[in-house]
Amino acid sequence: MAAPAGSLVAAVLAHSGRLDKEDLGTRIGRLSCRVEELKGEVCNMINKKYNEFLPSMQSAEELVSQVDGLSSNIDLLKAGIENEVQRDLNVAVAEFTELKQQLERDTLVLSVLKKLQEFDTAIKDYNTALLEKKYVAAAQQLEKARSSLKMLESRKGFELKILKALGTELTVQTQNMLYHLGEEWQKLAVWKLPSSKESSSLESAMHSELHLHTVPSEEKISSPPVASVLQAFAVLGELHTKLKIFGQLLLKYILKPLISYPSLQPFTEEQSNVLILRFKTEEPNLDHSSPMEVFHKIQLVFEALHKYLLNVPVEQPAADKKERRVTLAELLGDMIWEELSDCLIQNCLVNSIPTNSSKLEQYIEVIKSTEEFEKALKNMQFLKGDTTDLLEYARNVNSHFANKKCQDVIVAARNLMTSEIHNTVKITPDSSVALPRLPGPAAGDLLKMDKTSKPLHNDTVNLEHETKLSQYTFSLPTCRISSSVEKLMELAYQTLLEATASTDQCCIQLFYSVRNIFQLFYDVVPTYHKENLQKLPQLAAIHHNNCMYIAHHLLTLGHQFRYRLTNILCDGAATFVDLVPGFRRLGMECFLAQMRVQKGEILERLSSARNFSNMDDEENYCAANKAIRQVLHQLKRLGKVWQDVLPVTVYCKAMGTLLNTALSEIVTRIVALEDISAEDADRLYSLCRTMVEEGPQVFTPLPEDDKNKKYQEEVPVYVQKWMTFKELMIILQANLQEIVDQWADGKGPLAAEFSAAEVKSLIRALFQNTERRAAALAKIK
């Protein structure tokens with residue numbers, strides 16, 4: 001309390017600055033008394049608190065002493081437990097563990113002995129049931145024995161040598177059981193099949209028989225029923241194997257022959273408790289049986305099998321380890337239906353697809369018969385409720401019709417493309433593809449056209465020229481084409497006509513099949529006939545005509561059918577014009593390649609003329625004359641080969657080009673000579689005269705000789721070097737003055753065919769170096 005007192009004193013002093021000394025002393029005395037009073041109050045408070053705390057501290061000290069006592073007792077107890085109780089507990093645990101292990105061993109031995117006893121009992125019961133021909137009970141006992149053996153073999157760390165012997169015994173007994181069941185099965189279903197050496201034919205199918213054993217009611221006690229044998233197979237897990245073998249034999253020797261051979265008919269015969277299923281033959285009406293006939297024959301077979309064999313219920317283990325009751329027909333159907341349905345589709349329904357859209361409506365009968373066939377099989381439980389493979393295929397007839405039609409079209413087209421090219425027909429401007437007249441655009445379109453055209457006639461002047469084009473202006477010229485190409489084009493027209501009466505999807509498929517025909521021609525024909533087109537000039541010309549013929553029809557083919565096809569194609573897609581340049585190029589390239597070959601042969605023959613030099617030498621003259629004759633012979637042969645094949649214009653251009661090649665080569669060789677004697681000039685003139693006289697005779701485009709004179713007179717039109725060649729002949733027989741006159745200061749006919757250098761070269765070769773020659777050379781400028 002000193003600090004507060006001092007503060008109080010200081011405060012008092014701070015406020016007593018103006019007090020006098022007496023008042024200050026009085027006040028200090030009062031303050032000192034007050035301080036003493038405060039000290040006394042503080043001391044009283046401290047004593048009071050101490051008196052209250054002292055009992056609590058004493059109680060706490062007593063508690064501490066009690067805790068120390070308890071801790072000592074705990075330590076004593078812990079020491080006792082560790083020294084005596086824990087030792088006794090360890091001994092008890094050890095004894096318990098030993099007893100437990102001994103109990104486990106005894107339990108294991110007991111379970112093994114129990115399983116061995118079960119195995120032995122099962123084998124004994126199996127033997128008893130087998131002797132009594134209770135096959136289901138025997139099979140069940142074998143399965144019990146197998147289950148006991150598996151349990152014994154699964155015991156790890158407890159192996160017995162006897163288990164191997166037990167396994168061997170179980171295998172032997174199982175095989176013995178299967179042998180007996182197999183014997184019974186063979187009595188129930190007996191196959192009589194043709195020898196393996198016989199091929200799969202109608203004759204071999206006639207030797208196939210199936211004998212089903214039927215048990216009378218009075219023999220059912222001594223003979224095991226079908227259900228017993230089949231159920232025993234099911235218990236042993238062998239039913240699927242036996243049934244699969246049976247199903248494959250049924251497919252191979254009964255069902256598939258009935259589908260493949262229209263003349264084959266099934267019939268049944270009962271003889272002394274045996275149903276015999278065999279075949280007989282009847283004269284077929286068609287190459288392929290109708291689906292209705294095939295379905296009827298197969299249904300007869302299944303009805304017989306269902307009556308005597310397949311209508312047998314068996315217990316089958318399911319996925320949840322519970323047995324499920326099914327019939328033999330259902331099991332057999334699961335095994336063979338997929339293969340059977342594929343065979344029916346490929347060998348029956350495919351052949352029944354119509355080849356013409358007009359017959360599609362008649363296909364409803366096939367769909368109905370398919371529905372009835374599947375319904376009958378479902379009633380016999382051969383098919384499940386969701387199995388509709390055949391029906392789906394039959395109902396999708398429009399798609400199959402389109403696919404089949406397209407496939408048939410492509411196959412037919414390819415056969416035509418790979419046939420002989422040289423079988424030809426003559427095409428004239430009046431020729432046309434034999435097709436029924438196509439309907440025009442819709443009536444509404446015609447009405448619209450009429451309405452829009454009326455103002456033209458009423459309000460405007462007709463600007464049409466009086467002179468009209470010939471009706472043959474845009475026609476293909478007379479020529480010969482392959483008969484196969486004519487048939488190919490007819491096939492394209494007929495296919496497009498078929499498309500106009502088909503569904504939209506079928507129409508599109510058929511349209512693009514026609515396009516594929518022409519694309520296939522573009523790829524197949526040049527490759528397949530490549531060697532002949534290179535070697536034979538006539539075939540090259542025919543191929544040229546074929547390509548031009550196809551290109552000619554492709555120009556308007558799409559337009560002719562534009563208003564009759566589906567709307568998708570009417571918007572501009574129905575066209576073949578894009579294929580035209582390719583076909584024209586294909587024909588031109590083939591013919592030009594043949595022209596190059598012929599040009600090469602002409603130049604090769606003229607190369608043996610020894611450059612037409614030294615014609616005064618008899619040997620040289622003979623060689624040159626022979627070369628000329630060979631060229632003329634080649635041209636005449638080509639003229640005959642191409643006669644009445646190529647269009648007249650093309651024929652004349654082609655022959656003119658080849659003759660021009662020969663004349664140009666002769667001119668070039670003679671102009672290049674440096675020395676030509678008078679005798680050489682006469683003989684060269686003789687050779688050239690032969691070319692001029694006989695050259696036009698190669699122009700024989702038509703079979704009638706009197707009609708060919710016109711084209712023989714027009715040789716200068718088609719042979720570019722014809723006048724050049726004739727001027728060369730004039731030079732060979734002319735004197736210097738005549739040559740100068742022919743030149744006429746560069747304005748004469750000679751100047752039109754030869755250059756000044758060429759004329760000077762000929763003058764120097766023909767005439768000696770004289771003043772007259774020099775004067776003549778000076779005038780050639």
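Predicted model: local features only at pLDDT ≥ 70, side-chain atom pairs only at ≥ 80, totals over all residues.
The partner of β1 is strand β2, residues 209-213, and the two pair in the antiparallel sense over four bridges.

Let me turn to the aromatic residues. A pair of aromatic rings is described by the distance of the centres and the angle of the planes. Over the whole structure, a search finds 13 aromatic pairs. In one of them, the ring centres of Phe302 and Phe382 are 4.3 Å apart and the planes stand at 45 degrees, so this pair is tilted. It joins distant parts of the chain, 80 residues apart: Phe302 is in helix α8 (residues 291-310), and Phe382 is in the loop between α10 (364-379) and α11 (389-395). Phe302 and Phe382 are both buried.

The pair of Phe518 and Phe583, by contrast, is edge-to-face, with 6.2 Å from centre to centre and 85 degrees between the planes. Here too distant parts of the chain are linked, 65 residues apart, with Phe518 in helix α15 (residues 504-528) and Phe583 in helix α19 (residues 580-606). Both of these residues, Phe518 and Phe583, are buried. They also belong to one aromatic cluster, together with Phe511, Tyr512, Phe521, Tyr522 and Phe576.

Finally, a charged residue and a ring: Arg683 lies over the face of Tyr621, at 4.6 Å from the ring centre.

Conventions:
Residues numbered from 1 in each chain as written. Heavy atoms only, no water. Phe/Tyr/Trp six-rings, centres within 6.5 Å; stacked < 30°, edge-to-face > 60°. Buried < 20%, exposed > 50% of the residue type's maximum accessible area, 1.4 Å probe, protein only. Lys NZ or Arg CZ within 6 Å of the ring centre and 35° of its normal. Pairing = 2+ DSSP bridges.
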